[in-house]
Amino acid sequence: MKSIKLGYVAAVAGLFAGTSSAQQPIDSAYTARIKELTPTDKRWKFTTELVETLPASSTVPTPLKILGYVPGTIGKLSYVADINRYFKAVADASPRTKLFSFGMSDEGREMIGLVIADEATIQNLEKYRTELAKIADPRGLSAAEKARLIREAKPIYWLSGSIHSNETGSPEMLMELAYRLAVDESEHSRAIRSNVITIITPVTEVDGRDRMVDADKQARSLKLGPGGVPLVYWGKYTAHDNNRDGMVLSQKLSQNVMAAFLKWKPVVVHDLHESVPFLYTSTGTGPYNDEYDPIVVDEWHILAYQEINELTRRGLPGVWTHGFYDGWAPNYTLLAVANLHNSIGRFYETYTSRGADCHTVRLPATSTDRRWDRPNPPVNGVKWCIRSNINYQQSGALIALRYVGDHRETFLKNYLAKAERMIERGQRSAPFAFVIPRNQKHAAEAADLVNLFRAQGSEVHVTTSDFRLKSGGKDTATTAVSAGDWIVRLDQPYSATVRTLLAIQKYKVEDPPPYDDTGWTLDALRHVETIKAADSTILTKPMQLLATDANVRGTVTGNGGTLVVKHLGDWRSAVLPWKLGNARANVAQAAFTVDKVTYPAGTFLLENPSAATKEAVQSLGLTGVMSGSPITVAKRAITVPRVALMHSWLETQNEGWIRYAFDQMGIPYTYISDQQLRRPNALDRFDVVVYPHVSGPVASLVNGRPMIGPAIPWKKSAATPHLGKWDETDDVRPGMGFDGLSTLRKFVERGGVLLTTGNSSNLPIAMGFTSNLSVTTTTALNARGGIYRAQPVATASPILYGYDAGSFPIYFNQSPVMSVTPRDTTAENLGIDPAIVAAREAARAKVILRFHPTADSLLVSGILAGGSELAGRAAVVDAPVGKGHIVLFGIRPLWRWQSQGSFAMAINAIANWNHLNFQ
Ligand SMILES: [Zn+2]
């Protein structure tokens, strides 16, 4: 190890002998701290010459000077305000840096980006930004201009820290890296500064970071050990799933990332994570997403093997690639944003330091075995500290930055080629475009899809005349396209997002197991109609670029006294009762015909509507007709319920998405925790309890965490100002307990509605709240996070208001597979009183929606094996219990702001809480 280090120093000294760079003094106090904090071992090294000293600067402050400690100090994690303050101090002092705001979080903390390059580059930053933008969109450039850009432009390499809040090392590391890149006069850092423009975002999930610093502090002060206070909340809505939002950009964090990407068009986006030992640099196992250019897959490998080679030569154990994740779902926020926009999206997983701590490494053989793809595996028995984590990440980043700088032209040529190939693909092969008809059942939802594509940086056009498209192949049929329809041309550089979001995914069963979702086809999930254009003439049709977001406004026509609004089976229809102020919505209980138009059950009837009511209908994009004719159908008033949205202290990941959806749709709720159910009257003031998916066995759902040792508070205090914002407790361990179960059951029996999704549906089944419903254990089924075909069964149930009687796609992930035992008809034959039979029947759990009964017809998009175990099983069940109901969704109706097509079933169940019985 020693000889390698000496050889490097000699080389640097030789290159720069006699220049000022060779004489740059080191910051000796800081360097001494780095040495103290870095574990030593007889055999292995946990640092490199790139980071073991820190150069001194007379102008730019070190993190030690601003924060009072060196990154990697045990027990020291930095708050966002302090990190941002440090970056501002660097930007104020160094002409080689410039600081930008990347936007605010949900809770008002700022995401930043510090740009670092040599002084001349920073002075001409706008020129370099513009040049890169031209390479990213080379339409109309001459060959000479492209050649000039490749010669002169500089790649941007964006490093982002801590999107995952319990992965704590990267913000600390990035402060030191920013300083080093700004002041270091070594040949290595000078080469990076002159050839690469580095952007550093020290913290991506800024709200969760502050919460993590508090949780770590709390755990230390209570002597609970590292991780002793679980990070129940990260951002406002999402925890770990903040990194599953790259496709739909629902969260502020993702919107900020996307906007920053579109402004800077970085060639590489490098996301810093922590989990597996010691440094996993991403390539994945495959299968890779179909839309990723083969070039980017090569680039992942080129960069990964460069880091592996350089760090392994320097004696660092456990630097490896290939395994860990697949590369299929394009939902990992920063990776998706990069890889779907012709950039390189990559990540590290470095080994955790459990907050800011040290521990002795004790790993299972699966982590330390020497394998074909891991010839330099992690090792056991060594001491690992937060400084080890920082040294690994920082050394790796410096190697990658240098490599991209040294091969600047190659990376720029690839960047250009990926953009050109994307454009050419759309010019030369079908599909040439997608048409999104303006006039369709869910037009407002279609407009949302259009606006998502625009947010992703894709151009959307609007046709200015009617025309017909050939279907392609031997098919002689044609498809009508109307003026006003939206067109997404695929002969544009940013079309990969559109391609993958509207494609059918086919995940092969024999491929490595999926890391996350296998299918996400968004038009299917959102019940939006799109047309794949196989006719190349579409690219020549008259159309105009859409310059602002699409907006579908509804209409109210006619002159009568009753406003008739058809329920379209979408969330906009379902939420109408909440949008009417003091006005009441009546709903038709059966189909009826008025003014020669037939309306289904569930149609809204609004008597003598005010201007505000008409406006509510129109702003939701709905169609209303004022009718003066008598409407004789049976109707009833909708009484908007008092809703409790219940979370568990085990996790808030999944309820967070439902909370987000309710906030977006404008459904008011009271946010309660399952612990509150221990009070018998806790649910007296509610009509509906929504209990979203919580992972784990039913015993955990009931009992919470093990009641061992002292209480674990999640509470705001002077020392922990960022905890407790959304909810707080003196002890996160207890669940609802048996008292809570009793409260829940009594709530339903007295007429309340309990709505469960996913795994939470197991609770009322296992606890015997309902008798003729069970969960089937599957052995062959593989339905990991995909889209499957479902069929309405109880078409008279208000839960299905607005839905067509045919089948439609829903999101489902493996379990629970519910079964309702068939009705026992022998009772009728045995001469039992028909009234008794009817009463029994009324009390039975009923299938509302089932999975398609034919296994071969189940799969819409994603993976499926063992489909016969799913075919015909219950997807949504309504179980009457006492005077109330339990509505159990085995599917996930409000999945990650993706599954809008099934939103209305959940909202219908809530809106019609007191009329869920049906004939
Ligand atoms: Zn992570």
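This report walks through a zinc site, some strand pairing and a few aromatic contacts in a predicted model.

Residues are numbered from 1 along each chain as its sequence is written, and side-chain values use heavy atoms, leaving out hydrogens and water. Local features need pLDDT of at least 70 and side-chain atom pairs count only at pLDDT 80 or more, while totals for chains, interfaces and linings use all residues.

Let us start with the metal. The zinc ion has protein donors from His164 (ND1), Glu167 (OE), Glu167 (OE) and His273 (ND1), at 2.1 to 2.4 Å. Donors here are N, O and S atoms within 2.8 Å of the metal (3.2 Å for Na, K and Ca), and sites may look incomplete because water is not among the atoms. Along the chain, the spacing of the donors is H-x2-E-x105-H. The angles among the 4 donor atoms span 56 to 149°, and the site is irregular. His164 is buried at a relative accessible area of 2%, and Glu167 is buried at 8%. Buried means under 20% relative accessible area, exposed over 50% and partly exposed in between (1.4 Å probe, protein chains only).

Next, a look at strand E4. Helices (H or I, at least four residues) and strands (E, at least two) are DSSP runs numbered from the N terminus. In E4 (residues 197–201), 5 of the 5 residues are buried, so the strand is largely enclosed by the rest of the structure. Ile197, Ile199 and Thr201 cover one side, with Thr198 and Ile200 on the other. Two strands pair if DSSP finds at least two bridges between them.

| Strand | Partner | Sense | Bridges |
|---|---|---|---|
| E2 (residues 110–116) | E4 | antiparallel | 3 bridges |
| E3 (residues 156–161) | E4 | parallel | 5 bridges |
| E19 (residues 562–565) | E24 | antiparallel | 4 bridges |

Within E4, Ile200 stands opposite Leu114, and Ile199 is the bridge partner of Trp158.

Finally, the rings. Rings of Phe, Tyr and Trp (its six-membered ring) pair if their centres lie within 6.5 Å; planes under 30 degrees apart are stacked, over 60 edge-to-face and the rest tilted. The count is 35 aromatic pairs. One of them, Phe278 with Tyr392, is edge-to-face, at 6.2 Å centre to centre and 70° between the planes. Both residues, Phe278 and Tyr392, are buried.

Terms used. Four donors count as tetrahedral if all angles lie between 85 and 135 degrees; four count as square planar and six as octahedral if opposite donors are over 155 degrees apart and all others between 65 and 115; anything else is irregular.
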